[in-house]
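Here are a few notes to read alongside the model. Keep the 3D view open and follow the points in order.

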Amino acid sequence: MAQEIIELGTQKKSFFKDKVMELLPDGGNLNACLTCGACASGCPASGLEDMDPRKFLRLAALGMDDIITSTPWVWMCSMCQRCIYVCPMKINIPQLVYYAREAWPRENRPTGILKSCDIALKNDTCSAMGASEEDFQFVVEDVLEEYRASQPEFAEMKAPVNQKGATFFLNQNSREPVTEPDEMVPLWKILHMVGADWTYGTKGWAAENYCMFLADDKSWEHIVRTKAKAVEDLGCKVWLNTE
Amino acid sequence: MDKCIACGLCAQKCPKKVDDEFNMGLSKRKAIYIKYGQSVPLKYAIDPENCIYLTRGKCRACEKFCPTGAINFDDKEEIIQLNVGAIITAPGFKPFDPSILDSYAYDKIPDVVTSLEYERLLSAGGPYMGHLVRPSDEQEPKKIAWIQCVGSRDTNKCSNEFCSSVCCMYAIKQALVTKEHLSGDTELKQSIFYMDIRTHGKEFERYYEDAKEKGVEFVRARPHTLEPGKDNRGVIIRYVDEDGNVINDEYDMVVLSVGLEAPKGAKDLSNIMGFDLDEYNFAKTSSFNTVQTSKKGIYVTGAFGGPKDIPQAVTEASTAAAEAAKLLSKARGTLTKKKTYPKEIDVTCEKPRIGVIICSCGINISNVVDVKELVEFAKTLPNVEYVENTMFSCSTDTQYLIIEKIKEYNLNRLVVAACTPRTHEPLFQETLRDAGLNEFLVEMANIRNQNSWVHQNDPKAATEKAKDQIKMAIAKATLNSPLKRLKIKVNQKALVIGGGVSGIVSALTLANLGYECILIEKHSKLGGNAWNLETTYKKEKIRPWLNAQINRVENHPKIEVLKNTELKEVTGTIGNFEAKVQSGDEIRNIGFGAAIVCVGATEYKPTEYLYGEDPRVLTSFEFEAKLREKIIAPEKINSVVFIQCVGSRDKERPYCSRVCCTHTMEKAIRLKEKNPDLQVFVLYRDIRTYGTREKLYKKARDLGVIFIRYTLSNKPEVRLENGDLVVLTTDPIIKLPVKIHADYLCLASAIIPTNNIEISDLFKLSKNTDGFINEAHPKLRPVDATTDGVFLAGLCNYPKSIDESIAQAEAAAGRASIILSKDYMELDAIKSFVSDNCDGCGLCVDVCPYSALSIVEIQDQDGTIKKRISADPALCKGCGLCEATCPKGGILVHGFTLDQIEAQIQTLLAN
Amino acid sequence: MIKFKVIEIANTFGVHRNTVTNWIKRGVLKAKPVVGRKYVISENDFIAFAEQNHIPRRTLEEFIKKNKIQKTEFKLTKEDQGFSNHPQEPSPKNKYRETIMNTSRPVGSVLVLGGGIAGIQAVLDLADSGYFVHLVERSSGIGGVMAQLDKTFPTNDCAM
């Protein structure tokens with residue numbers, strides 16, 4: 001950080017932190033910090049970009065909004081919630097980080113996440129890798145056949161796609177069908193052995209949600225609604241979300 | 001219970017082992033047990049939840065082996081009805097159970113212990129007899145960490161928003177005491193992980209600085225998780241220091257400084273008795289009376305009223321006693337019994353007939369010294385008529401035995417070879433009185449503390465030494481003569497010096513207990529510093545209360561108020577003082593039996609931060625005054641800055657003024673409530689809103705007050721820039737300079753003692769290095785001054801808040817009233833007396849620490865004026881320095897005359 | 001209707017059984033005694049009382065499920081006829097207590113609950129002042145937490 005002086009005490013301004021407080025229940029307790037450092041002590045991202053949750057919240061408290069809304073550290077946070085778990089004041093640092101992400105102009109947000117979100121938005125599958133409905137269905141059926149043949153104890157195993165009225169709707173992260181299809185099978189075996197009545201859907205089958213990581217509320221909402229509709233359209237009762 | 005002699009045989013034979021709660025589960029006890037070795041009453045008890053007979057109908061081994069038949073399995077629970085005039089609840093507190101903090105893994109890692117467990121590990125009576133080892137492998141720890149605020153100041157994992165007040169001090173104490181418990185020159189590393197260090201009591205700050213110098217590391221960081229070391233031994237702590245460095249460090253042991261919660265059963269008590277609890281389940285009280293619950297006649301004292309340390313608990317206990325005494329003053333003495341004794345037999349013309357009791361003290365003495373041999377030896381000594389060996393000479397049944405034998409053998413002296421006189425001499429003196437003998441005819445030989453306890457390796461030599469000790473005691477006892485305790489008449493009036501809150505409350509308490517008192521005040525108005533305050537930390541308004549109290553004091557029939565009056569001279573002793581007070585030109589003599597010193601303190605006027613140079617820089621009182629007079633209008637300004645610790649905690653005044661953090665919070669909250677857009681900044685070193693005052697700190701933060709920490713080596717700078725007041729400091733987390741534009745700067749300046757030199761000299765009271773008047777003992781006698789008959793209360797003793805002053809003032813008055821309640825006072829008889837050999841040389845006067853001796857002139861029979869020493873028995877404490885100094889045998893001490901001491905030496909050397 | 005034993009309420013609400021008995025006596029818990037040392041209370045009254053005491057919904061529902069009965073299942077005791085929320089007619093014991101309360105001179109004795117350092121100091125001061133004191137201690141010895149401490153600041157005295 002450049003050597004600057006924090007000037008306070010002049011006409012009261014609304015800080016970034018104040019705006020976030022208006023959006024959170026109980027203000028997220030964002031004012032209650034006593035800089036004890038418990039959050040920083042447990043944060044896996046402490047030290048990256050010369051930042052940790054305590055510093056981040058302190059910058060917010062003193063109105064250093066420029067730094068808060070531009071430090072790449074917010075993208076290194078994994079939202080593990082270890083900070084708020086031990087915070088004696090239960091301060092909602094993850095939410096502060098989330099809104100700081102949102103303050104970034106969309107096109108400046110990390111390319112990987114941005115691209116993945118945009119790709120997911122293009123398709124009713126919601127796949128961030130762009131896998132289509134047909135691709136998915138093909139891979140599932142192909143792998144299933146292979147395993148049924150090679151493992152006789154699983155000859156009766158099913159991996160239904162678009163089964164109307166099934167109890168469970170299972171979703172799947174795009175990575176497996178696209179690059180490591182064998183990794184989908186263990187879960188099928190478990191579901192088969194417990195006799196679960198489940199199905200995949202060709203629409204909304206992708207489990208990942210890069211738009212949420214991107215802090216793009218509108219896109220996030222769209223993705224979730226698309227997926228939820230897919231579940232409802234098939235008439236399933238329970239949505240098994242593997243993310 | 002009457003039959004039990006606490007021999008311990010039952011516990012030896014009992015087959016059932018149970019976790020010992022006294023040792024916090026670190027060791028085992030039996031189902032029949034005593035709570036701890038010095039338990040009162042020292043009687044064994046059966047634990048009904050674990051006793052095999054009471055739970056399953058088998059065993060009864062204890063009953064079989066008990067030598068006195070003290071076990072009664074048919075005993076039933078009894079409900080006793082008591083009619084009492086008042087109730088004082090003192091159920092204590094419950095230590096916080098850290099099992100709920102899963103990230104600290106208290107239940108999983110053996111070397112993570114609570115502070116109370118650590119105390120037991122350190123204790124000589126604890127599971128390892130005072131040898132400090134860690135639980136996992138019983139090795140000595142070399143690296144120990146303390147984590148503060150576990151279960152306090154935490155609204156996430158528990159609802160303990162408050163600060164437990166004592167943990168910072170006890171952690172520092174534990175750290176400093178630890179070294180003594182480790183062998184040799186162990187390289188010891190100790191770290192205390194904290195959020196704020198709260199050493200706000202008397203001498204606490206110095207202790208903290210001392211700990212730093214002795215190498216205790218203080219780390220301002222709160223660990224997130226504790227992980228076990230290799231093989232589940234030791235603990236790994238990961239934390240981030242103030243520079244942002246992530247540090248992983250392994251410690252041998254971690255101590256969790258757990259907080260003080262309301263006791264188990266608090267709700268039950270409140271339900272049964274009908275008084276209110278606060279939001280933390282402590283008893284709800286007002287700042288103006290911290291011992292009165294919401295139900296009249298029911299009082300609370302100790303930690304149940306809120307977390308506090310021992311001196312405060314002891315003070316408040318006296319406060320509660322005073323309140324109950326006030327309530328019941330009409331019935332004083334109606335239910336107490338006066339103990340009567342048989343007439344004292346005059347033994348002065350009798351030949352000495354000595355009875356000797358040799359105590360085994362359980363196994364304390366008898367497992368080293370051969371008591372049977374001592375019995376045989378004692379029988380051979382001159383003047384000895386009776387010898388007996390008892391298991392516990394201090395037990396009740398032995399007292400009956402002694403009285404019986406005195407009568408049977410016509411004994412007129414008693415020698416008890418046992419423990420130290422400091423423990424039980426009064427008991428044996430009492431026994432003699434019950435037998436009709438003068439109490440000073442007993443002599444003790446300390447064959448325990450000074451023998452068996454320290455010579456465990458050489459029983460033969462120990463026994464020989466014991467023989468010498470008994471010889472000497474008998475030689476002295478032979479020359480013991482009956483002594484009379486001095487009786488002085490008590491002047492049942494009190495003098496209260498100082499008319500602030502403490503003085504007013506003391507005077508009212510004394511008056512309401514039925515005693516007359518005179519209250520003298522230097523200024524023309526009563527009330528002292530309280531006029532400068534607005535509200536208590538519980539938001540109660542002070543002025544209306546103060547006005548009401550002043551009204552009561554000035555109109556009370558038993559109180560005489562003298563304003564514009566100063567104390568000039570004091571003579572006399574407890575029960576009988578004489579003072580000269582001056583009002584203008586008039587001097588008046590006042591006689592009184594006890595005095596309470598309440599001379600208060602003042603606000604320090606700073607010499608920094610542009611104070612005195614810019615009208616916008618004010619002290620706390622001045623700021624409050626301007627707020628009250630509406631000169632400062634919170635709605636019209638932009639920002640206010642507070643700087644804490646101005647004049648406190650520095651080289652000149654290395655103490656904490658205790659109340660300033662709370663006052664600042666209280667003002668900051670008021671400012672914010674009047675104008676939420678007003679920016680308030682507090683520059684601090686540690687925030688010390690102890691106890692339930694922590695609520696204010698949280699509220700201030702929630703309202704948006706910004707807190708910036710500074711250090712003594714990097715103090716804030718205050719400047720004028722174009723007529724604007726700016727405060728410059730550095731933020732310790734971001735490490736950037738901060739410039740704050742301030743409309744007003746309020747300095748929380750120190751509390752300094754007023755010119756107490758005169759008062760303390762007049763009463764010969766001692767002061768500490770900072771000028772505050774000392775109490776007799778910081779823990780056991782927190783309201784007694786060092787001179788008998790004088791008590792103190794309020795700021796003159798140490799900075800404190802108004803509720804603490806009120807409590808201390810009432811306590812002081814309560815204890816003073818104990819003296820005033822007597823018509824006569826009995827003093828000890830071990831006093832110096834002047835013999836005919838005295839020629840008034842005065843050497844003894846110089847060495848007397850109690851100023852009890854003076855040179856007087858007396859006229860001889862033939863008219864010559866001679867110099868002689870006069871000893872004031874009321875002041876004399878019988879230390880013997882005079883007797884040792886006098887070259888002529890001119891001054892001696894009753895009970896320890898030169899003849900007696902010489903007899904002891906002669907008998908020792910005669911071999 | 002809910003039928004319960006005192007100990008069941010005590011365990012659910014986390015209080016001592018005597019507290020529950022007091023609640024019933026004071027009418028705070030509107031229950032009527034029935035044979036077999038049990039009590040009955042209307043479901044609504046019970047729910048209201050439980051909510052006042054912040055009992056979690058789940059626990060409440062489980063309790064009701066376990067203890068619910070049909071209206072005709074319980075037998076009223078004799079007292080039930082005259083049972084009301086007002087305090088009982090003074091029995092001879094109560095009358096004695098009331099008489100003591102009404103005299104103009106108070107009783108010159110004090111009850112101190114708790115034998116820790118605070119209780120002990122209060123007892124000593126009061127006794128020295130001329131009042132008879134009853135000290136009640138729950139465990140088998142006095143001393144409290146202070147007796148467990150090793151040394152005390154600043155004199156390094158042993159806590160004993």
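**Notes on chains B and C**

1. Start with strand E24 of chain B (residues 559–562), where the side chains alternate. Buried means 20 or more other C-beta atoms within 10 Å of the residue's own, with C-beta atoms placed from the backbone. Strands here are DSSP runs of E with at least two residues, helices are runs of H or I with at least four, and both are numbered from the N terminus.

2. A word on the source: this is a predicted model, so local features need pLDDT of at least 70 and side-chain atom pairs count only at 80 or more, while totals for chains, interfaces and linings use all residues. Residues are numbered from 1 along each chain as its sequence is written, and chains are lettered from A and ligands numbered from 1 in the order in which they are written.

3. Who sits beside E24(B)? Strand E23(B) (residues 516–520) pairs with E24(B) in the parallel sense over 4 bridges; pairing takes at least two DSSP bridges. Look for Leu519(B), whose bridge partner is Val561(B).

4. Now hop over to chain C. The contact takes 63 residues from chain B and 47 residues from chain C, counting C-beta atoms, placed from the backbone, within 7 Å. On the chain B side, H8(B) gives the most, with 11 residues.

How values were computed: A residue is buried if 20 or more other C-beta atoms lie within 10 Å of its own, exposed if 12 or fewer, and partly exposed in between; C-beta atoms are placed from the backbone. Two residues are in contact if their C-beta atoms, placed from the backbone, lie within 7 Å.
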